[in-house]
Amino acid sequence: MIRQGDGTLKNVIYILNYLRSYNVLVMAVHVLSALIALLGYFRFIPKILVVITGWMLYYSAIPAFNSGFLLMMLFGTFAIFMNPKANRPSAILFSNLAFIAAIIQFILVYAVAAFYKFEGTTWLNGTSLHYVLYYRPLVNEGPANFLHQFPTMLKVLTYVGLGYQASFGLLIWVKWIKRPLLIVGLCFHLFIGLVMHLWDFAFAMIFAYALFIDLPKVSLDSLRFKKLANTKRA
């Protein structure tokens, strides 16, 4: 809620809770700023507008968003500092550090998820997907009923999902494993989208795989990437 003394930024982010008539305007600024940022115009200004309006939309309708949107908002924050046209050493350094931060953030999503799965029991005994597919408010009943005919396959998929998340942060750096690993991840998230109706989360994770298509080489002497072209992902 807006409270006196909370500061201008916080009050701006919560403003749509009180002035719903601005919803369309904020959404228009959000989308337009994202397009301008993708085209590379006006440097960091449209990126900042994307982040501010994104949080305004989020806090005005929290139930409409999930962790996929939050992940994209984090990437949007990192992208403020990414500049493919940077030529000053400090700008190049900040751009590369932002790219590294995005990679670390994505790896943490899998690592934290795996950590909590190991604390439970259903993932360890292979029954997690079996029970998840009975949660009718979330799953697509057609695919769920079909998959329940193959309990052994569900058990295998449970362990594959757990192993994938737990090992991603290490295996993604192995050159000959990277491509099949990303293919497995693509199938993993398409499965989540198709069976569990979480298409926004699934696509957020799939789009984030672009971070790993051409991993940079790091020069330890300068703490800068040898291939500056990698910052073009901003």
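**View 1. Leu 190 is partly exposed, with a relative accessible area of 35%.** Buried means under 20% relative accessible area and exposed over 50%, with partly exposed in between (1.4 Å probe, protein chains only). The model is predicted: local features need pLDDT of at least 70, side-chain atom pairs count only at pLDDT 80 or more, and totals for chains, interfaces and linings use all residues. Residues are numbered from 1 along each chain as its sequence is written, and side-chain values use heavy atoms, with hydrogens and water left out. Leu 190 lies in helix H9 (residues 175-196); helices (H or I, at least four residues) and strands (E, at least two) are DSSP runs numbered from the N terminus. Not counting residues up to four places away in sequence, Leu 190 touches Trp 199 and Ile 206 (contact: heavy atoms within 4.5 Å). The C-alpha atoms of Leu 190 and Ala 202 are 6.3 Å apart, at a separation of 12 residues along the chain.

View 2. pLDDT is the predictor's confidence in each residue, from 0 to 100. Where pLDDT is low, the predicted coordinates should not be read in detail. For the protein, the mean pLDDT is 83, and 88% of residues reach 70 or more.
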